[in-house]
Each structure stands twice: as C-alpha cells, then as structure tokens.
Amino acid sequence: MITFSIALLALVIGYWLYGSYVERIVNPDDRPTPAVAMADGVDYLVLPGWKIFMIQFLNIAGTGPIFGAIMGAWYGPVAYLWIVLGCIFAGATHDYLSGMLSVRHDGCGQPALVGHYLGKTTKNIMLVFSVLLLMMVGVVFVYSPAIILSNIWSTKMVWIIVIFVYYIIATMMPIDKIIGKIYPLFAFSLLFMALALLIGLFIKMPNIPELWSDLSQSNLNENPAWLGNGTFIGNNPIFPCLFITIACGAISGFHATQSPLMARCMKSERQGRPIFYGAMITEGIVALIWATVSMYFFYYGGWREVVSEDVAQQFISQADGGKSLLQFFDAPSVVSHVCNGWLGILGGILAMLGVVAAPITSGDTAFRSARLIIADALGMEQRTISKRLAISIPMFGCAVALLVWQMANPNGFNVIWQYFGWANQTLSVFTLWTITVYLVQEKKNFYITLIPALFMTVVCSTFLLISNQAFGLSANISYTGSAVVLVIALVWFFSWYRKATKG
C-alpha cells in the first residue's frame with residue numbers, strides 16, 4: 001500500500017502543480033467561448049461547470065479506467081508508474097490542450113484541429129480514422145452491455161435494439177436534454193464506487209505487491225495459474241503492451257474526440273483546467289484504485305477472499321487442466337466479485353452500473369462526436385433536425401452493418417476491441433503532434449507535448465511491428481524498427497522547427 005499511497009498523492013499534487021503550469025502556458029482569458037458566441041440550443045449551449053465536469057469525466061472514462069487498469073495490473077506495480085507519469089505529463093496535458101484548442105477554434109472536432117496544424121492530407125486521414133474509431137467504440141459498447149443484460153432479463157437481441165434506439169435518441173437530441181440530465185448521475189455512481197473501494201483499501205490494508213517486490217517469487221494459491229514475472233503476459237511484452245492496455249487513466253486519443261463536446265458548453269476559458277485536466281486526473285485516480293484492487297485480487301491469492309467457494313473450486317479444477325487465473329476471471333468478473341465481496345448489495349448495484357451503464361454512455365457520446373465531426377467536414381449546420389438526420393441515418397446504418405458482422409463472427413468482439421486499443425493510442429499521437437506544432441507557432445514551451453508525442457510514437461510503432469494484429473515481427477526487429485521511427489520523427493520535427501522559427 002506504500003506505492004499506492006505515494007502514487008495517489010502524486011496525482012493530486014500533479015493537478016495543482018503541473019496542471020497550473022500547463023494552464024499558464026495557455027493563459028485562458030475572457031474572450032467569448034463558442035457556447036456564448038455560437039449558441040444553437042443543440043450542441044452549442046452553456047451548461048453549469050460542475051455538470052460539464054461530470055459529463056466530461058464520464059465521456060472519457062466509461063469502463064476504460066476500470067477494465068484497462070485491471071488488465072494492466074497483470075504486469076504488476078509497474079502499472080502505477082505509467083498511470084501516474086502518463087496521466088500527469090501526457091494524458092491530462094493532452095486532454096487540456098486539445099480541449100482548449102477546440103475552445104479557441106469554435107469548438108471544432110479533432111480532425112479539423114489536426115488539419116489546421118498538420119495539413120489537409122493528415123486531416124483527411126484523421127477524419128476517416130477518428131470516425132471509424134468512434135463507430136467501433138459505439139458498436140463494442142452495444143454488444144457487451146447487451147450480453148450482460150440478457151443474463152438478467154429478456155434476450156440479447158432485444159437489448160441490442162433498446163440500446164441502439166437510445167443511441168439514436170441521445171445522438172439527435174440537444175445535449176442538455178438527455179446527456180446533461182443522466183450523465184452526472186452515472187458519473188457520481190462511478191466516483192462513489194471508486195471512493196468506497198478507496199476507503200476499503202485503507203481499512204483492509206491488503207497484501208499487494210510494491211514497486212520493489214520480487215514478483216518472480218509470487219504465486220497464486222500455489223497453483224500453476226500464475227501471472228508471469230511482470231515482464232511478459234503470455235506473448236505480450238510489457239513494452240509496448242502495457243502502454244496500449246492502460247489507455248484511459250494514462251493517455252487516450254479517444255478523449256480528444258470527446259473534449260470538443262464540452263468545449264461547446266463552457267461559459268469561460270477559465271473552466272478549462274478543472275474540466276479537462278481535472279477530469280483526466282480524476283480518471284487516473286479511478287484507474288489507480290482499480291489497478292490496486294486488481295493486484296490484491298490477482299497476486300498473493302487475494303481472489304480467494306472475495307469469490308464464493310463454488311467459484312473457487314471451479315477455478316481450481318480448471319487450473320489443474322491448465323487454465324490460468326487471467327483466463328478464468330476477466331475484467332467484468334473482477335469488478336463484480338470485488339464490488340459484491342467488499343460493498344455487498346450496494347456494490348453489486350454499482351458494479352452493474354459500471355459494466356452496463358458506463359459503456360452505454362461512452363457509446364452514445366461516441367456516436368454524437370462522430371456526427372459532429374462529419375458535420376464539420378461537410379460544413380453542415382446541426383441546428384435543424386433534418387440536417388442531423390442526414391448524417392445520423394447513414395452513420396447508424398454503417399454501425400448496424402459492423403454490429404451484424406461482429407455478432408456473426410465468433411471472435412468479432414475481440415477483434416474490434418483489439419483494433420480499438422492501438423487505434424486509440426495512435427489517435428493520441430496525432431493529437432500530441434498537433435498540439436506541439438501549435439505551441440511552436442505560439443512561441444510557447446513545446447517540450448511539454450513533444451516528449452509525450454515522441455514516446456507515444458515509439459509505443460505505437462513498436463506495437464504495430466511486434467503485434468500479430470499488424471506485422472508480427474520478432475522483438476529485436478520491432479525494437480530496432482521503432483528506434484528508426486524515433487530518429488525519423490526527431491529529424492522531421494527539428495527540420496520543420498528550424499524552418500518555422502526562421503520564418
């Protein structure tokens with residue numbers, strides 16, 4: 001618990017110190033925001049600051065900082081370092097600056113910002129890339145909640161239809177009618193669950209690994225279903241896979257597609273740090289809590305304390321056949337077992353909200369963001385419902401086709417989710433480079449985003465080279481290739497920088 005406590009304190013201090021420094025670089029002022037200057041009563045309208053924060057938090061969080069942190073905790077307490085350093089210096093900086101850029105560019109979406117600073121070709125690539133990413137998010141977050149709800153009542157198809165109908169309504173309606181009313185409630189539920197678990201951690205003080213622990217000596221209930229040595233999980237090396245697995249809670253490109261939604265609702269630029277930087281730090285805290293809970297669950301036999309004896313015997317019998325702890329307890333089941341075991345009936349309700357409501361709310365804002373990005377690209381106003389329908393009908397038609405393919409393919413969910421993982425982080429690379437160019441042009445400290453941009457460029461290039469989802473090359477070739485990519489990125493940037501500063 002020492003590592004966890006230090007990491008928790010570091011995130012709080014990071015908000016006040018580094019967040020204040022980043023804010024001074026932007027220097028928010030009293031210029032009219034898009035919500036004031038471009039109010040349309042649908043997407044551009046002023047909302048209370050606390051409500052914008054809650055919506056932003058739920059938009060960027062969903063189940064991301066829960067499921068990602070659970071899977072990232074498989075690598076051990078090194079996950080703490082990525083959550084803390086990634087969140088303060090990369091993720092929160094990425095979210096704040098991309099959000100403020102949107103505020104200062106009429107609330108425009110991420111592809112338009114990329115195009116403004118990186119050129120028209122890059123804009124077109126990111127337009128297609130981001131819309132596909134958002135549709136993948138929406139489709140994934142239709143299917144998984146439907147499966148869970150069908151185990152409670154009715155059929156999977158009925159729930160798919162219900163969720164899709166909700167998506168259509170939420171995407172079409174003014175942001176204050178549905179999203180503005182129910183999102184704060186769900187966000188409060190996620191925060192309350194995290195707070196309850198945080199209190200539980202400090203009361204129980206469970207035996208969990210520290211950064212200095214020797215995980216090679218760890219065993220899980222003296223059975224062969226052990227996690228590994230903290231370097232590899234299966235065939236997935238810690239670099240780059242940890243940095244792809246834990247996205248929400250550290251840095252996530254998806255956030256840059258969501259921040260413009262709230263950039264169109266802010267009354268003042270001075271709300272930017274608590275809304276954008278603060279929501280990301282809050283998400284980092286949630287991820288930190290769930291990473292800790294997961295290390296308690298997976299290491300040193302902690303899972304035995306929260307699962308029933310029947311479930312324990314089922315696992316042990318399957319472990320004898322070679323099934324690992326990770327294969328038996330997936331992320332949703334960890335949420336369910338821990339919440340029920342530690343928080344009782346209330347925990348079960350919160351777990352249900354976490355694994356059902358949170359992904360659904362991420363899905364509807366994903367489709368809403370896609371509608372607005374397409375509208376920006378076409379120059380189509382969205383005040384009238386006919387114009388919103390003109391974009392939404394074909395968009396949802398494509399989403400239905402993708403969903404049908406996913407349902408027909410036995411491994412469809414995993415395929416879409418895996419591609420979402422690296423696509424999400426690749427999106428953060430483009431956003432970080434966009435912000436870096438902006439800071440150079442404004443003659444501000446560009447190193448605050450250049451370093452994260454270079455790091456995430458290496459992470460994503462390594463993953464594409466080493467992963468079976470792409471090239472599937474050997475580790476030596478992949479790491480060499482990513483080093484070459486790093487050199488090319490440095491040469492490209494500083495060559496451009498010299499020309500830009502001379503100009």
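This is a predicted model: local features need pLDDT of at least 70, side-chain atom pairs count only at pLDDT 80 or more; totals for chains, interfaces and linings use all residues.

Residues are numbered from 1 along each chain as its sequence is written, and side-chain values use heavy atoms, with hydrogens and water left out.

**Helix packing**

- Helices (H or I, at least four residues) are DSSP runs, numbered from the N terminus.
- Helix 8 (residues 156-172) and helix 15 (residues 331-378) have axes that come within 9 Å and cross at roughly 45°. Axes here are lines fitted to C-alpha atoms, for helices over the stretch in contact, and angles run from 0 to 180 degrees between N-to-C directions.
- Helix 8 and helix 15 are therefore oblique to each other; angles under 35 degrees count as roughly parallel, over 145 as roughly antiparallel, 65 to 115 as roughly perpendicular and the rest as oblique.
- The crossing of helix 8 with helix 15 is right-handed. A crossing is right-handed if the near helix is turned clockwise from the far one by less than a right angle, and left-handed if anticlockwise.
- On the helix 8 side, the contact is made by I163, Y166, Y167, A170 and T171. Helix 15 contributes P359, I360, G363, D364, F367, R368 and R371. Contact means heavy atoms within 4.5 Å.
- Sorted by class, the contact of helix 8 with helix 15 has 7 nonpolar, 2 polar and 3 charged residues. Ala, Val, Leu, Ile, Met, Phe, Trp, Tyr, Cys and Pro count as nonpolar, Asp, Glu, Lys and Arg as charged, and the others, Gly among them, as polar.
- Helix 9 (residues 179-204) also packs with helix 15, at an angle of about 145° and with the axes 9 Å apart. The crossing of helix 9 and helix 15 is left-handed, and their contact has 19 nonpolar, 6 polar and 3 charged residues.

**Aromatic rings**

- The whole structure holds 38 aromatic pairs. Rings of Phe, Tyr and Trp (its six-membered ring) pair if their centres lie within 6.5 Å; planes under 30 degrees apart count as stacked, over 60 as edge-to-face and the rest as tilted.
- Y15 and Y277 form a tilted pair, because their ring centres are 6.1 Å apart and their planes are at 50°. Y15 lies in helix 1 (residues 2-26) and Y277 in helix 12 (residues 272-298), 262 residues apart.
- Both Y15 and Y277 are buried. Buried means under 20% relative accessible area, exposed over 50%, and partly exposed in between (1.4 Å probe, protein chains only).
- Y167 and F367 have ring centres 5.4 Å apart and planes at 55°, so this pair is tilted. The pair joins helix 8 to helix 15 across 200 residues.
- Y167 is buried, with a relative accessible area of 0%, and F367 is buried, also at 0%.
- Ring pairs link W433, F446, Y447, W492, F493, F494, W496 and Y497 into a cluster.

**Helix 11**

- In helix 11 (residues 254-263), 10 of the 10 residues are buried, so this helix is largely enclosed by the rest of the structure.
- S259 is found in helix 11 and counts as buried at 0% relative accessibility.
- Apart from its neighbours within four places in sequence, S259 is in contact with Q56, D95, S98, G99 and F276.

**An exposed histidine**

- H116 sits in helix 6 (residues 110-118) and counts as exposed at 52% relative accessibility.

Definitions and conventions
Helices (H or I, at least four residues) and strands (E, at least two) are DSSP runs, numbered from the N terminus.
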